[in-house]
Amino acid sequence: MKIKLISYPDFSPFEKIKEIEGKPLQVMIESSETELIKYLTSNGFECKRHCYCPEFTKTDLKDKLQSDHPIHYFSSEDSIYQKCCQLLYQHYIEISRPVSPYTADYETFLENVPTDSGFYSLDINDRVDNVIFTEKNEIAYVASSDKETCSVFYQSVLKCIFSKYDQTFFEADEETDWCAMTLLHLFNYDYQKSFNTYIYK
């Protein structure tokens, strides 16, 4: 159900709407909509996720990219592609759980991955431990199983991206996606600008 409030009533309609829908209500809204946010939070909505959608150039980096962490390019034609997708799938299940759990199986997930190329790294046992899916200069997805090497992996990938493009962009969810936030923290950014998810239970 999609609802557009033309004006804000003195009463709360949300409990009745939730009864009709039979599930918690979810609203996604830009942080600049302060009046609507005030109305929602005063009527039982809680902010569960801040999503940042930055665009960066090399000059936005906090520090010079120093990493020479080994990275490898992949495409959907490579045998390693499935390993990269499996790491991404497990990460996606993990980060979606707190707000809206992802329940589709792996094959369905694979059909919806919008990009078929990117970069990965391997741990000492030759297992994929970090992956970034890219579409030209867009960082579409990130996933990692290793917090120790995640940041240096990103720096190596950014070196590659900025050698070809002037700009890159991606999304990062503050409360749920530590991988994307690790990437975001490499840049100077105004954290007041976000696209937020509010839940009414």
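Residues are numbered from 1 along each chain as its sequence is written, and side-chain values use heavy atoms, with hydrogens and water left out. Because the model is predicted, local features need pLDDT of at least 70 and side-chain atom pairs count only at pLDDT 80 or more, while totals for chains, interfaces and linings use all residues.

Helices (H or I, at least four residues) and strands (E, at least two) are DSSP runs, numbered from the N terminus. Two strands pair if DSSP finds at least two bridges between them. Four strands form an open sheet in the order 1-10-2-9, with antiparallel pairing. Its edges are strand 1 (25-30) and strand 9 (172-173), each of which pairs on one side only. Six bridges join strand 1 to strand 10 (residues 195-200) in the antiparallel sense. Across this pairing, Val27 stands opposite Tyr198 of strand 10. Helix 2 (residues 34-42) packs on the sheet and touches strand 1 and strand 10, where contact means heavy atoms within 4.5 Å. The direction of helix 2 makes about 155° with that of strand 1. Axes are lines fitted to C-alpha atoms, for helices over the stretch in contact, and angles run from 0 to 180 degrees between N-to-C directions. Helix 1 (residues 14-21) also lies across strand 1 and strand 10, running at about 125° to strand 1.

Ile199 lies in strand 10. Its relative accessible area is 8%, so Ile199 is buried (buried means under 20% relative accessible area, exposed over 50%, partly exposed in between; 1.4 Å probe, protein chains only). Residues up to four places away in sequence aside, Ile199 touches Pro24, Leu25, Gln26, Gly44, Phe45, Glu46, Lys48 and Val99. The C-alpha atom of Ile199 is 31 Å from that of Asp146, 53 residues away along the chain.

Helix 5 (residues 150-164) has 15 residues and should span 21 Å at 1.5 Å a residue; its end C-alpha atoms are 22 Å apart, which agrees. The expected span is 1.5 Å times one less than the number of residues. Buried residues of helix 5 include Cys150, Phe153, Tyr154, Val157, Leu158 and Ile161. Their cover includes strand 5 (117-122), strand 6 (128-135), strand 7 (138-144) and helix 6 (178-184).

Two loop residues have positive phi. Asp126, with phi near 60°, is not a glycine. It is found in the loop between strand 5 and strand 6, and is exposed at 59% relative accessible area. Lys136 has a phi of about 60°. It sits in the loop between strand 6 and strand 7 and is exposed at 63%.

Rings of Phe, Tyr and Trp (its six-membered ring) pair if their centres lie within 6.5 Å; planes under 30 degrees apart count as stacked, over 60 as edge-to-face and the rest as tilted. The count comes to 23 aromatic pairs. Tyr89 and Phe109 form a tilted pair, 5.2 Å centre to centre with 55° between the planes. This pair links helix 3 (residues 81-96) to helix 4 (residues 106-111). Both Tyr89 and Phe109 are buried. Tyr102 and Phe109 are edge-to-face, because their centres are 5.8 Å apart and their planes at 80°. Tyr102 is partly exposed at 23% relative accessibility. One aromatic cluster comprises Tyr52, Phe56, Phe170, Phe187, Tyr189 and Tyr191.
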